[in-house]
Amino acid sequence: MVLAACGPKESAPPASPGTEQQGGTQTQTPSTSPSDTPSSGPKVGGELNLRLNQDPDNLNPILSSSAYGSAIYGLVYSSLFDFDVDWSPKGDLAESWDTLDDGLTFRVKLREGVLFHNGEELTSEDVVFTMKAIKHPDYTGPRAASLASVEDIVAVDRYTVDFKLSEPFAPIFTNINYGILQAKLFEGTEIGDLENHPVTWEPIGTGPYKFKEYVRGQYALLERNPDWFRSEEEGGAPFIQTIRMKVIPDDQTALAALENGELDVETPTPAEVKRLLTEYEGRLMPVQYERNGWGYIMINTTKEPLTDVRIRQALTYALDREAIVQGALDGEAVVPPGPLPPVSWAYKPDLQTIGYDPAKAEQLLQEAGFTKGADGIYQKDGQPLKLTLYASSGSSLIEALTTMARQMWQDVGIDVTVQLMDFNAMNENHLQPGNFDMAFQAFNLGLDPDSLYALFHGSLAKPNAAGLVTSFNRMRYDNPEVNALLEEGRRESDPDKRKEIYGEAQQIIVNDAPVILMYSNLYTDFHTPRVKGIVNFPGAGATLDYLYQWWIDE
Amino acid sequence: MARYLTKRILNMIPLLFIVTLLSFGIMQLAPGGPEYVILSAEADAMSDPQQVEALREKWGLNDPVHIQYFRWVGNMLQGDFGKSYYYRLPVKEVLASALPNTIRLNFFALVLIYAISIPLGVISAVRQYSKTDMIVTATAFAGQAAPSFWVASLLIWGVAMNSGGLIPTNGISTPGITFETYGWLSVLADRAKYMFLPLIVIVFGGLTGLTRYMRSSMLEVLREDYVRTARAKGLAEKVVIYKHALRNAVLPILAVSGGLLSSLVGGSVIIENVFSWPGIGRVAWQAVNNRDYNVSMAVMLLSAVLTMIGYLLVDIAYVWVDPRIKYD
């Protein structure tokens, strides 16, 4: 089961980093670039047909936890910030922002004259209401942890909001970036009762599209908001008159609908990409991009003999990941150079990585006190180096990947058993209780390098009272140096200094080898040629965040 | 008869108890819960066990399973099926939007299945080992053997994609075509073209069983003495078959029709998924995936109750079809 079904096209807003996936999707190499040369300028009109894989869980921007909800409410509501194609924040509702009091106050100045779809003006009270609702003890949605570092939200005047922080927090842009609700509509509604409010299914926001209709199981309909507050500066955007999102659960049916012209944008299953590129050349336009995340093998750093960093490094040196990407993913992926992708501003270009070097792997094993036995397997004190790798069953990619990895480890003298099982069962019975050596999973990063915190900070490695680690740091990796850097990266607001801090953290994480980063997929979205102006957002492709720039040329 | 009915209905109670108990237990065995599905959307939320606990506490998921079960039974008996954890809506509302769609599709499917398979079975029996019999038998077995998702894909790619836009690949109706804006004729035509492919898949897959039953039951009846007598009297073959034989041959068909009622509302996960038909099968499938316990339980209960009622109706219908049968 995919926990957070995140079609790259319907990527949750940048505000939610670190969605976890089962891993195991193959994709296609970019060979052609999107040929989006507009013949004439954008014009208003037309209907766009999009796919929803499932019904949305609800349409409230602070309660919904599905990509299908966010596909709809993301267009209806505005949040404080948007993200540019270089992943830096820019103002959406926010006109300007500033850090005061040694970083303990984050002040946001709102645009004036922003109107909700019902004609009322958005003010600081609405921002305060939305954020306080998330922090309310009775709140039942998934966003509360993002606002953990925000102690209070204060309306300074009609258009100014202060976020009072318990400590300086640089990645705050993504953490407070939720659709702003209209406070007035919720007068007399208990926060614990928010989900029963009619607005949960009939959203009223300030975004480029107005909510028109949602028919459960069938479709959602959105209509162009001609009074959008950014319309003028965006050259009259949004352009497309109506957006129809059809609920199509089956991938094959969606593919047929795309080829039949019933859908305008779709991310086909990786196996279909090559065929579509040739068979539909000129009739379907590809948008190709690298996934902002990776499939990785986590190593339990608290289990003998994996507590020894040399063993973990040896496991990494032993793998020819390029060969695995070629063999298991048909070359439709890249080997991640480090925990952060090259497109991120925080990427460290001179990162010293661990490449394929079997001799070095054996040398490290010997340094760790292992000797090669008669059967070719290293052993220490009569104990052979036997490890188990857990992975989800049911994916041919994962099967191929683990089989190849197992053979490569075998070649240097490490005996690894591969155990494929149900994703949830693996999580509950092995990963959370720490009852494993290695496991394969996938992780999606956010736009801020702070995404590394959720995976690598030591405070998240501690088991709870039941002995379980429910965070993503199931490697139970705890390096005080890395912890300090990840904390510093949150405190420092100067981007240059942050880049240096995260560069250092990336290097230590690579050296400590708590994870083996296996691949970042190359994804391809396709769209019909009548849709113009599609923005290829690094890591998210034809994201709906930029739909306001799209237009239709019939 | 009244005593018999009372007894039968009372017998249903322990049976329903067992069915719901089993479903409830099995559901709890699946790893992960609804709070996990909702919170795992955000990495930060999952790293905060307190939040997970708060939701479990709020929803009463931390109580012992038997307490949860009896709470559910208590509410259910008062007509309260609880809330969907995922959609945050009353379960009734979630089901109510899907139920009519499933019934609409399955009603036509069942009518067609019976209307086609009974005559086919009769013809096969009357002309046993003829070419017609061979063709009917072969088609029936093909329908049974071909997986429905495969037939469905074949129809989408082969028929819908080549129909020049006449037959849609997915959905249930063209938005905007309603009784108010268009005449009833266009509405009817519109709904029919969406139903065309799913109907073919269901009917094709459902023919086999009934046709074979009808054939063998008819063959048996045709060997009976009273059929020979009827023929000896010099009655026309048509009268022999359709008046004397058919009525008796239909009895066993009635026996296998007890599941009819539940299959009318049960829906099919595969067909509803492939054709994007917004029915109850899809709701049930999603509920299982999302660990939406209350929705799963409601669907399970619905189909259990309807199965039981279905078989009860069959037993009552026996009396009506066959005057020899009496319940005391």
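Mentor: Let us begin with domains, whose bounds come from an automatic or database domain assignment. Chain A is divided into domain 1 (2-264 + 528-552) and domain 2 (293-522). The C-alpha centres of these two domains of chain A lie 33 Å apart. This is a predicted model, in which local features need pLDDT of at least 70 and side-chain atom pairs count only at pLDDT 80 or more, while totals for chains, interfaces and linings use all residues. Residues are numbered from 1 along each chain as its sequence is written, chains are lettered from A and ligands numbered from 1 in the order in which they are written, and side-chain values use heavy atoms, with hydrogens and water left out.

Trainee: How many helices and strands does chain B have?

Mentor: Helices (H or I, at least four residues) and strands (E, at least two) are DSSP runs, numbered from the N terminus. Chain B has 15 helices and zero strands. Along the principal axes, the C-alpha atoms of chain B fill a box of roughly 85 × 60 × 40 Å.

Trainee: What percentage of the residues in chain B is buried?

Mentor: Buried means under 20% relative accessible area, exposed means over 50%, and partly exposed lies in between (1.4 Å probe, protein chains only). Of the 328 residues in chain B, 46% are buried. A case from the middle class is Glu224(B), which counts as partly exposed because its relative accessibility is 36%. Glu224(B) is placed in the loop between helix H9 (184-222) and helix H10 (225-232) of chain B. Between the C-alpha atoms of Glu224(B) and Ala245(B) there are 8.9 Å in space, and the two are 21 residues apart in sequence.

Trainee: How far apart are the C-alpha atoms of Asn118(A) and Val108(A)?

Mentor: They are separated by 24 Å, although the residues are ten apart along the chain. Asn118(A) belongs to the loop between strand S6 (105-110) and helix H2 (124-135) of chain A, and with a relative accessible area of 35% it is partly exposed.

Trainee: How many salt bridges are there over all chains?

Mentor: A salt bridge is a side-chain nitrogen of Lys or Arg within 4 Å of a carboxyl oxygen of Asp or Glu. By this rule the count over all chains comes to 38. One of them joins Asp92(A) to Arg230(A), with the closest N and O atoms 2.9 Å apart. Asp92(A) sits in the loop between strand S4 (89-91) and strand S5 (94-100) of chain A, and Arg230(A) in the loop between strand S10 (219-224) and strand S11 (242-247) of chain A, so this pair ties together parts that are 138 residues apart in sequence.

Trainee: Are Asp92(A) and Arg230(A) buried or exposed?

Mentor: Asp92(A) is buried, with a relative accessible area of 7%, and Arg230(A) is buried at 1%.

Trainee: Which chains does the salt bridge of Lys83(B) and Glu195(A) involve?

Mentor: Lys83(B) forms a salt bridge with Glu195(A), the closest N and O atoms being 2.8 Å apart. The pair crosses between chains: Lys83(B) is in the loop between helix H5 (65-77) and helix H6 (91-126) of chain B, and Glu195(A) is in the loop between helix H3 (172-175) and strand S9 (209-215) of chain A. Lys83(B) is partly exposed, with a relative accessible area of 28%, whereas Glu195(A) is buried, with 10%.

Trainee: Which residues make the nonpolar surface patch?

Mentor: Patches are made of residues with over 30% relative accessible area and no salt bridge; like charges are joined within 9 Å, and nonpolar side chains (Val, Leu, Ile, Met, Phe, Trp, Tyr) within 5 Å. Accessible areas come from the Shrake-Rupley method with a 1.4 Å probe, and for residues only the protein chains shown count as cover. Phe17(B), Ile18(B), Leu21(B), Leu22(B), Ile26(B) and Phe70(B) make a nonpolar patch of about 600 Å². Helix H1 (residues 2-29) of chain B gives the most to this patch, with five residues. Leu22(B) lies in helix H1 of chain B and counts as exposed at 52% relative accessibility.

Trainee: Which residues gather in the patch of negative charge?

Mentor: Lys and Arg count as positive and Asp and Glu as negative, while His and the chain ends are not counted. The place of a charge is taken as NZ of Lys, CZ of Arg, CG of Asp or CD of Glu. On the surface, Glu481(A), Glu488(A), Asp496(A), Glu500(A) and Glu504(A) gather in a patch of negative charge. Helix H12 (480-491) and helix H13 (495-512) of chain A are the elements that give two or more residues to it.
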